Amino acid sequence: MVGAGGGRVNPANPSTPRLSCEPGQPWPMGASCVTLAGSQGVNFAVYSRHAERLEVCLYDARGEGEIARFTLPVCTNGIWHGFVAGLAEGQLYGLRAHGPYQPEQGHRFNPAKLLIDPFARDLVGSTVGLAMERGYRPPEDGAVPTLALDALPDPGDNAARIPKARVLDLEAQLQAGAAMTPRPQRPAAHMVLYEAHVKGLTQRHPEVPEALRGSYAGLVSEPMLAHYRRLGITTLCLLPVHLHISEAHLLQKGLSNYWGYNTLGFFIPEPSYASGQYRDVRTEFRYMVDQLHRHGLEVVLDVVYNHSAESDGLGPTLSWRGLDNASWYALDAHGTYLNHSGCGNSLNLAQPHAVQWVMDSLRWWVQAFGVDGFRFDLATALGRDPEHQYSFHPLAGLLTAITQDPLLGRVKLIAEPWDVGPDGYKLGQFPPGWHEWNDRFRDTSRAFWLGFDCTCGDFARRLTGSSDLFDHAGRNPLASVNLITAHDGMTLADLTAYRRKHNQPNGEDNRDGQQNNHSTNAGVEGPTHDAAVLAVRGQWRRALLATLFCAQGVPQLLAGDELGHSQSGNNNAYCQDNETSWLDWQDADPGLIDFVANLIHLRQTHVALRHARWFTGQLPRWPLLPDAPADVAWDTLGQGADIAWRKPDGSALTATDWEDPQARSFGCLIELAEHGQTPTQRWLLMFHAGAEPAQFALPAGRWLHVLDSAAALVLDPSQWGGAKTSVDDVALPPRSVFAMVQKLGSPT
């Protein structure tokens, strides 16, 4: 039965009103409640340049019965669109795309498969098992299909198993976002990132109400807010909160994609993190963000635009693949998926409508949900251009669009500056205004403290903001996001307790995960009650943490490192939705929490430990002798410079010293103030990675002991009046970061 204007009612339900689908308009993308020619209804706009016909299927309120189907009547510049008067918010729908099934040409149209709108703002129905919803017919002989065998579309209709998109009133959603507490807009120089998983952060917290554990609301429960305040962090960086599904190989093993880097709904909060205590997941997500803002905290989302949940050529057909595979994905000349993500596919982010899709998604999270920024997973993929063999360029269309956007250009933008494609490592090459994860800081810090190949020169470059990577195009040290650990790898506790990864629970025979972790164990692999071993591990951990918070750049702390959380040596716990990954609050180390909190407070209080200017080693207050010998004491040679580097005996480091692979002890004298102000303090930072104590000569004057990582000592400025002092030299414990402060103008 065909209704006026091409609409078709469901023969099983002839009482359904006939619908008329008018041309409508090719914007906004997706389904939107609009008024056209005096009539209220829903406009549909779907991009598919290669489709021959696009159908919209309407479903009942439970998403179980199709009540009408109509063809979008007009295609404008690759966008199929139509307007149906009388439809309203809450309407459920899916899409069907007609066109050729020619995998070798990149086309995989199959109208038997119901498709999810890439611009859907809400989904109704289960997402369990979607990774098995393939659009091709497996060979009858049971052989493993290949692209060549993948030539026949599967004729089975899967609508009963596919979740349906739900129409939302977009203006109402944006108004709800506009009514939220304003963003804190923390200055980059004061940012302290805290990388966390929504569920894992609270699932085992005994003081979080049981009904809220593992949820968005649990993340802002009073025990968690108290913990954030205690630490002094400024910005939560949440692992993916976009609606995601688990891959087929995980389902077959009884595992799931815990981290969430397999996105299906790029406009939709992950519903499994909802507590059920609120009207819907969007309301709870806004409540979370609003509460964080009320307490001065920012929210940065880890986002995954480099690939979709449709996996490789043998993966499911859920949305983009069925709508216009050749446009949405990066393919070679034979229709094979390029795999710069390592997850089976790479989205073609140079395609203008893909750029629009990413931009609309980002703006949606900022405007409708109030988030403060984004960390882009495998961000090199965002700048790959098919016109230049998919090589990376920092001025590629999507990166330029994001950077110049009046809304997005003002939020926090953080790149993971690599992917697994050719020439994918692009650390330091993103545009001005972007921060970048600095794995060189991570690896060099680990190597210096844990006994791997490293020099003082390597370590000093990372400590001072990695100018070799970021000092260009007007960028400053805050472009570097410094980290010791992240979700992807070992925790801090495991980094100092395991020499090898232990990923057997992941079901891949320990083949997965990084091979080179720069980790060690103090002589015992894994848990131990040996007090001497535990003491050494504690010294390493505190030295690494002190390095993180005394370095130029933006520090990022992995949630749980301050507790001493262990994953039993698993360095790739992406599929461990269990106590491996859920933070162990019951056995948290309160002393370590205090140490981290005091480090963050020390950093926030003193500009010498966090500032946006490159050190020069120059700008003395008075002329120095041009022929000053290298062994002149540092208090006369470096006085007045913003930074001066010296050996333990007080002499300057020579070029040979900087590159000595055996050297593990040196210091720096910092004299710096807020912009335009006169320095009132001199800081002496000393780093000693040796296994025995070491004597360090001090510049002239009276020096206060304010940081001793080996002893877990960090003094708040209010405690400096009772601080221990030294005037000639000081003995540094093994494996320690030591900081001393001298008030300028104080008597010598």
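Start on helix α1 and select Gln175 and Ala178. Both are exposed. This is a predicted model, so colour by confidence whenever you like; that stop comes last.

Now select the other face of the helix. α1 spans residues 170-178, and its buried residues are Leu170, Gln173 and Gly177. Why do these sit on the same side of α1? They cover an arc of only 65° around the axis, which puts them on the same side. Gln175 and Ala178 lie on the other side.

Next, show what the buried residues of α1 pack against. Select three elements: β3 (30-36), α6 (281-294) and α8 (352-367).

**The barrel**

Select the strands β14, β15, β18, β19, β22, β23, β24 and β25. They form a closed barrel of eight strands, in the order β14-β15-β18-β19-β22-β23-β24-β25, with parallel pairing. Neighbouring strands of this sheet are turned by 25° against each other on average, direction ignored.

Zoom in on one pair. Strand β18 covers residues 298-303, and strand β19 covers residues 373-376. How many bridges join β18 to β19? Four, and the two strands run parallel. To see one of these positions, pick Val303. Its bridge partner in β19 is Phe376.

**The cysteines**

Select the cysteine sulfurs. A disulfide is a covalent bond between the sulfur atoms of two cysteines. A search of the whole structure finds zero disulfides. Two residues show the distances involved.

Go to Cys33. The cut-off is 2.5 Å. Cys33 is partly exposed, with a relative accessible area of 29%.

Go to Cys454. Is this residue buried or exposed? Cys454 is buried, with a relative accessible area of 3%. The closest cysteine sulfur to that of Cys454 is in Cys456, at 7.6 Å, again too far for a bond.

**Confidence**

Finish by colouring by pLDDT. The protein averages 93, and 92% of the residues score at least 70. Now select residues 9-16. Here pLDDT stays under 50, and the model has 11 contacts beyond four places in sequence for this stretch. Then select residues 619-638. Here too pLDDT stays under 50, and the model has 37 contacts beyond four places in sequence for the stretch.

How values were computed. Residues numbered from 1 in each chain as written. Predicted model: local features only at pLDDT ≥ 70, side-chain atom pairs only at ≥ 80, totals over all residues. Heavy atoms only, no water. Pairing = 2+ DSSP bridges. Axes fitted to C-alpha atoms, helices over the stretch in contact; angles between N-to-C directions. Buried < 20%, exposed > 50% of the residue type's maximum accessible area, 1.4 Å probe, protein only. pLDDT = per-residue confidence, 0-100. Contact = heavy atoms within 4.5 Å. Arc of directions from axis to C-beta.
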